[in-house]
Amino acid sequence: MGHISVVRIIGFIVFGLSFLLTSCRRQSNIEEANDAGILIIGNSNEPKGLDPHLVSGVLESNIIRALFEGLCVEDPAIDGKALPGVAMKWTPNKEFTEWTFDLNPEAKWSDGEDVTAHDFVFSYKRMLSPDPNWPAQYSEMLYFLKNAQEYNKGKITDFAQVGAKAVDKHTLLLTLRGPIPYLPELTKHYTWYPVPEHIVLKHGKINTAFSSQWTRPGNLVSNGPFQLKTWTTNHKIEVERNPHYWDAETVSLNGIRYLPVKNYYTETRMYGDEQLHLTYTVPSELIPFAKENYGSQLRQENYVGVRFLRVNTLREPFTNPKVRRAFALAIDQQAICEKILQGGQKPASGIVPPFGEYKPPAIIQFDPVKAKELLAESGYESTSAFPDITILTTDSETGRREAEALQAMWKEHLGINVRIIQREWTTYLQKQYDADYDLCAGGWIGDYLDPTTFLEMWITDGGNNNTGWGSETFEEYLHEAENTADVSQRMATLAKAEETLLDDTPVLPIYWYTTTYLIRPEVKNWHPLLLNNHPFKFVKIEKD
Amino acid sequence: MLRTILSRLLQTVVVVFLLVTFTFFAIHAMPGDPFADAKATSPEEKAALEAYYGLDKPLPVQYFNWWKNVITNNDFGDSIAMKGRKVSTLISESFPVSLKLGLLSLVMGISLGIPLGIIAALYHNQMLDYLAMIIAMAGICVVAFVLGPIFQINIAKPLTSLNVAGWDRPADIILPAITLCFGVAAYLARLTRGGMLDVLSQDYIRSARAKGVPPLKIITRHALRPALMPAVTFLGPAFAAIITGSFVVENIFLVPGMGQHFVLGVTSKDYNLVLGLVLFYGILMGIANLLSDLVLIFMDPKLRTS
């Protein structure tokens, strides 16, 4: 009796499952997407928003770059080269302090309206709104404009004094606070993108922040190669071709599907199961597996970002620069890169990663002998005389492994015990901002290809400094560079600034970031880019 | 009967109120700042954000305002982490997904667990009993974050008709549902076995056997109903839990369900989201418990009179 019913039930389940399995699908997701010209991307998480003025994350920028377009566009293969975007051409004055952008009259919003110089002025006014209720964290990206900071901080109230003017419908004149030869580079960043005045004002006031519904699907109007099609929380975001885009001929993809795959192990498995063209990353444990199974589909490329430890220079024993330097020199960076990360990361000899014409001063290198000497000179009689030292990091697995490796290195090379404190993300950040730590693991990704994106954060009391460190010499060099139009001279001054910073060592550099991801062979025109800001308009799907 | 229902409903209201109150003060006591971001927020901006979300007011005032908003506007407020989105929108987007997945895995769990428990009881202390209980024990011990990847690698990868993860094709529900159903099946098998063993040793079953009632009929007509009472008691809360989603299963299988909101709401200090979810979950739990009580009353005539 029991047997019969069990057999029946099992039979029923097997039948039901096999029915479901056979009836559902013939093609893999990738095959279907290839036929439809859709690129499927793992994008790591649900975006916090799609308003270019109110986000600050990498995953949001991946979507915003498809939807919007700035004055200039990233070249698909060459770092630091600016291609025409909304602007057809741009001409600086001799000092690089005044730039005239001639806008393309064909540039349109996805609802067919013209993109005008007034849209840009409106956007910069919005981004710089002095209203304390306007929570744009990234408004300092526009401080390159003359009087932008003064307007943003409420010191002047008339936006006409800010260096952004619409000369006519298709001519934008930008006046800068100093010579900035790399302005076109900056305009590729999403903080410089235009937002549609007529749509933003339809859903609220100029500075209505989160309560505005203008970025919701159905409302969002954009000027880039793609427009928003669907957006469901924790599920997917789909963009489709913008029929009004001025350069629609160049656009090859019919759309992009962004999947918020938070679990990177799942992401790698989805890639292997033909569900993704491109992964966001590859977990370090799976890199050997990916190398073996996917060969050249695994890419490991340089990325302008640096991993470091902030040092609380207001707390014993780190008030002493020699102790800070000793801690820096006792870090075996190579071992961390090769044994823990395995992603091709490079030991960081400074804070600014190597790129372009900048020659970084190579000051920090693993040197346990020198480290010991410095410690001996520091005035502490013995290592046991050191106060209790802690290192603060996040609750992530790699965070823990990195901290444990550092702990072992300081113990081995300096004989000092360091205790690890792990906190979940928001608590970790709060402790960092409150300078409630001795040593704090952190990192920084460059926003544009210029050393200042890594150096300006260390000015006295800068919002992201948090080390209590400050140096007049350092700031003088930054100021000097700001007023130098000659590129090589400017780079040399910035290198001096970095040298000043590293000599004092309020940060201990560990490694320079790389991006590690998997990409299917049919995705073309996807080249290594230092900022990893790939312009989707050039990406193609082509079967060999 | 009506009085029972009314009194249970009243109890539910009190429990949910206490639950929300406790949660409110507990999450506000947690360290961490909801507005902390990888890039620094200036003190003015932070103050503005706090004012916007009403977090600048004293805690009791915030607490009172939250209830006022819920009762007068039927609104759980805005999500703090996912800015620009209402908590009610997040719930109404994700709950249907979790409900669908939960119901399927519940049905699967019931159809797997209860027969397993019956078999185990019928073959008490024999091979089949041990086998069934090993399966049940494994179902309790092997958690979803182990089971999920095993299914992804060993079932979805080789089978072209199943995806590793995602929520686009009808078949995408199968693996998460199987992963979820094991836990339910395991508990049900153990509870059914216990209940069944209890009933089978009763005098009236022996009388039925002595009278020559066919064995299958003894099980279906006489033993099953009382034997399932413990399982039904368990099913009430299990129902509410499973239809509100599972963080682990959603994370592994990329399911846009409700479970991840609970966890991410807590880690990102999204007070409004957590409170909205707790209120919603509390009400569901109350209803599910009430339903399972009603089923029990229906199943056991003795309860009807008491």
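Chain A holds an open sheet of 4 strands, ordered S1-S10-S9-S8, with mixed pairing. The model is predicted. Another open sheet of 4 strands in chain A runs S4-S5-S7-S6, with antiparallel pairing. Chain A also touches chain B, through 46 residues from chain A and 54 residues from chain B.

- Strand S1 (38-42) and strand S8 (226-232) of chain A form the edges. Each of these edge strands pairs on one side only.
- On average, neighbouring strands here are turned by 20 degrees against each other, direction ignored.
- Inside the order S1-S10-S9-S8, strand S9 (residues 236-241) and strand S10 (residues 255-259) of chain A pair in the antiparallel sense. This pairing runs over 4 bridges.
- In that pair, A:Val239 stands opposite A:Ile256 of S10(A).
- Helix H3 (residues 58-67) of chain A lies across S8, S9 and S10 of chain A. Helix H3 of chain A runs at about 140 degrees to S8(A).

- Strand S4 (87-92) and strand S6 (164-168) of chain A stand at the edges. Each has a single partner strand, so one side of each is left without a neighbour in the sheet.
- Neighbouring strands of this sheet are turned by 20 degrees against each other on average, with direction ignored.
- S4(A) and strand S5 (residues 98-103) of chain A run antiparallel and are joined by 5 bridges.
- A:Ala87 has A:Leu103 in S5(A) as its bridge partner.
- Helix H4 (residues 117-127) of chain A packs on the sheet. Helix H4 of chain A touches S5, S6 and strand S7 (171-175) of chain A. The direction of this helix makes about 165 degrees with that of S6(A).

**How strands pair**

- Strands of a sheet pair through backbone hydrogen bonds, in either a parallel or an antiparallel sense.

**The chain B side of the contact**

- The contact takes 54 residues from chain B.
- Six helices of chain B are listed here, and each supplies at least two residues of the side that touches chain A: H2 (43-52), H4 (87-122), H6 (144-156), H9 (215-227), H11 (247-253) and H12 (259-267).
- H4(B) gives the largest share of that side, 7 residues.
- By residue class, the side of chain B that touches chain A divides into 29 nonpolar, 15 polar and 10 charged residues.

Methods
Residues are numbered from 1 along each chain as its sequence is written. Chains are lettered from A and ligands numbered from 1 in the order in which they are written. This is a predicted model: local features need pLDDT of at least 70, side-chain atom pairs count only at pLDDT 80 or more; totals for chains, interfaces and linings use all residues. Two strands pair if DSSP finds at least two bridges between them. Axes are lines fitted to C-alpha atoms, for helices over the stretch in contact, and angles run from 0 to 180 degrees between N-to-C directions. Two residues are in contact if their C-beta atoms, placed from the backbone, lie within 7 Å. Ala, Val, Leu, Ile, Met, Phe, Trp, Tyr, Cys and Pro count as nonpolar, Asp, Glu, Lys and Arg as charged, and the others, Gly among them, as polar.
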